[in-house]
Each structure stands twice: as C-alpha cells, then as structure tokens.
Amino acid sequence: MPDALWERARSVMPGGVSSPVRAYGAVGGDPFFAADASGARVRTEDGRTLIDMIGSWGPLILGHAHPAVVEAVTQAAAGGTTFGIPTRREVELAEAIVASVDSIDMVRLVSSGTEAAMSAVRLARAASGRDGIVKFAGCYHGHSDAMLVQAGSGVATFGLPESPGVTPGAAVDTIVARYNDASTVASAFALHQIGAVIVEPVGANMGVVPPADGFLQSLRNLCDAGGALLIFDEVVTGFRLARGGAQAVYGVKPDLTVLGKVVGGGLPLAAYGGSRDLMSRIAPAGDVYQAGTLAGNPLATAAGLATLALLDDDAYARLDEAGRMLEHGLRSAAAEAGATVTINRVGSMLTVFFTDGPVTDFDSARRTDAKRFARFFHALLREGVAWPPSPFEAAFVSLAHTPGDIGAVIAAARFGFQEAR
C-alpha cells in the first residue's frame, strides 16, 4: 500500500511531496508516509514505529501530539477555525513573545517563516532607505525571490544555488557573504549601500553550524557603523535554544527577529518583531504594507500558547542534556566503527557531517560525503530511527525523547556508521 500511495502522490503532486526535502532526493529510495505519531515516535502507513529525530524540522519541541497542545487546539477548533477578526489568543501570544525576547517590543503574527523573513526584509529596507541586503551562503530565509540566492537546506540538497524563475532584478540587491567571516560583510558595506544584514544566528540549514566567537557581535558592530539593521532569523532557534532564543544565548541584540516553528506549537504560525519605533512602520500603524487572511489563526495561537507555557528553565536544561547525551553517544559510536565524522551540536539540535575537518560555513559543510550519509541514513531507518533525509539538515531532540530513546538512536547509529564507513 505505501508503494501505491507513493505512485498516487507522484501523479498529482510535483515530486510526490509538498516540500522538496521529503522526497529523499539526497539519500535515494522512496519516503515512508506518516500515519500518526505520539511523543517521540511516528507510525508509518506500512505499520512500522520509528523514533522520530526530524520533529517536523524543529517545531515539535514537546514531541508529537502532546496532550496540552491537543487539548488547546481541540478547544479552539470547537469555537471556530478562523475569523479574520482579532482574537484574545493572538494578543496573548504576542504578549508572551514580547515578554520572552528582549529585542522585541512589538510583533506581527504571520503564517510562515518565509512570510516573516520577507516582511522583515521589507521593513528593514523601508527603515534604512537602502536596498542592499547581506545574507550568508548556506543560510535559508524562506523561498521569497530575493532570498533564494545561495540558500541552504533543500536548495543545497538539490544543488540549486538559485532557482529558475527568480529574476535578476529580484536578486540584484542581495549580497552573499561567508558565514563566520565578518570580513566578507565588511567588504559588502564598502562596496554597496546596505540596508540590512540577515543571518541565522546559529546556522541550521547547511546543517548545524554555530557562530564563531565574536562573529555575531561583529555583525552588530558593522550594522551600527554602517547605518544598517541586523535581522536574526530565529525560525529554527527561537524558543528552541532558550526562552529568549539564540540572541539570549550569545548576548547579541538584533534590530528585527524572525520567529517560526516552535512559536506555533506545530501549526502554521510565524512572527517578526523588533522595537516599537520600527514595528510602528507596519500597516495599519504605518506605511509598510503586509497582511494575511490566516495570520493569528486561533488554532495556531492556541498551540503556540500551550507549547510556550511548558518551556521553562528546567525544560531547556533537560533538552540540552538530551542533546549532549546524543552527541556523546554518536561520537563514541563513530569512533568504534572507525567512521570519520564531524558532529556539530548547539543545544537540542545537531548534525553529523561525514567529513574530517571542522564545519564552520557552507563551503566546509558541502565537503560532507553525501554517499556515506545516505548509507548512514538508510541503516538508521532499517533500525527504526527516522533521521532527517538530508546531510544539510539538523536532527532535533524533544522533551518527549527519553534516555532510552536516545540510547536506541545511538545503538542504531553504530550500524549506520559501520555501513557509512
């Protein structure tokens, strides 16, 4: 039946999927179909139960179908699924975001990370009066035209540094710098009129790549000196690494922050925010237009509020410990198998790179051996672990993963590293 379902999917959906990385283009074979999930496990349409390390690519920090989230969404749905009218929950979620992220005084809720990043860039251009935007090779900020220039994640997986259909005019004002190399940003400021620098404070779409010491502060200094805005894309890291996001962990304050994934509790919701002065430029308060029919959706805000309510200091300590346990176990398993890998971890997210050198930017990330990774991936899948099907993605630990689950993933990885070698 799954084979038949895959054939049906490919007959009516491009590549058989709703988002490219799900199609196993980087690892080969046919994807499984999820039937349902609970906690740290997903059940497939062919009846297998897998430990899930994908976590819907980050938002499921509590695990699948957490009772508090399910109850909140169920109650919200019983009262109406969308209104196009202001609701109490969107105000409460906005208040929770403002209370948690020091750099945000006001926030606009939207429906996707792409929409949030696109809107933040528009606001930055309006506020600075300049068109130039610096982004970093391997960092992904959604699929708006201006941002699909040397993006990471699915674009990297399929070897498309930019997409057909993106016009030269749409991309001409996007300048690409090297992650963890502030000198390339300084060069951009010297040559162009830069309105904003947008960055993932922890790279998460070329695999996990942490910022080098001083890198984020250097960006802050360059923006201050050059009259540009600094945008942190915390779609992945926001509420994942800490209550205040990566900016709280690294002590660098951006002008604008893009949020998604965890903030929606597993439903389609994202946000962007900053100072009161900046956000007052957004319509209807100001002259920078942005709108969305489903923005502030009552189901998504209910899920987001239920999720954020459970993310206290103890929760982040548990997540970090689970991530540390996984990293340590994977390193030991790789060493036992004689497999040469580099493992980058920040908190509860990590990537195994099949390369023998440090991974600090997109160029070094691309040195990972895709064939070895594919063998590793399929061995884990046979052993009952759903690992991200791309060498340029992060694996995510959730609060639902027990020490026993982590141990089972490490045990599966022993087979994976043996096959990869």
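Mentor: Buried means under 20% relative accessible area, exposed over 50% and partly exposed in between, with a 1.4 Å probe and protein chains only. The model is predicted, so local features need pLDDT of at least 70 and side-chain atom pairs pLDDT 80 or more, while totals for chains, interfaces and linings use all residues. Residues are numbered from 1 along each chain as its sequence is written, and side-chain values use heavy atoms, without hydrogens and water.

Trainee: Why is Asn180 called buried?

Mentor: Its relative accessible area is 19%, so Asn180 counts as buried. Asn180 lies in the loop between β6 (174-177) and α7 (182-191), where helices (H or I, at least four residues) and strands (E, at least two) are DSSP runs numbered from the N terminus. The phi of Asn180 is near 70°, a positive value in a residue other than glycine.

Trainee: What makes Ala65 partly exposed?

Mentor: Ala65 has 46% relative accessibility, and therefore counts as partly exposed. Ala65 is placed in the loop between β3 (49-52) and α2 (67-78), and its phi, near 50°, is also positive.

Trainee: Why are such phi values pointed out?

Mentor: Most residues other than glycine have a negative phi, and most peptide bonds are trans. The peptide bond from Ala283 to Pro284 is cis, with omega near 10°. Pro284 is found in the loop between α10 (276-279) and α11 (298-308).
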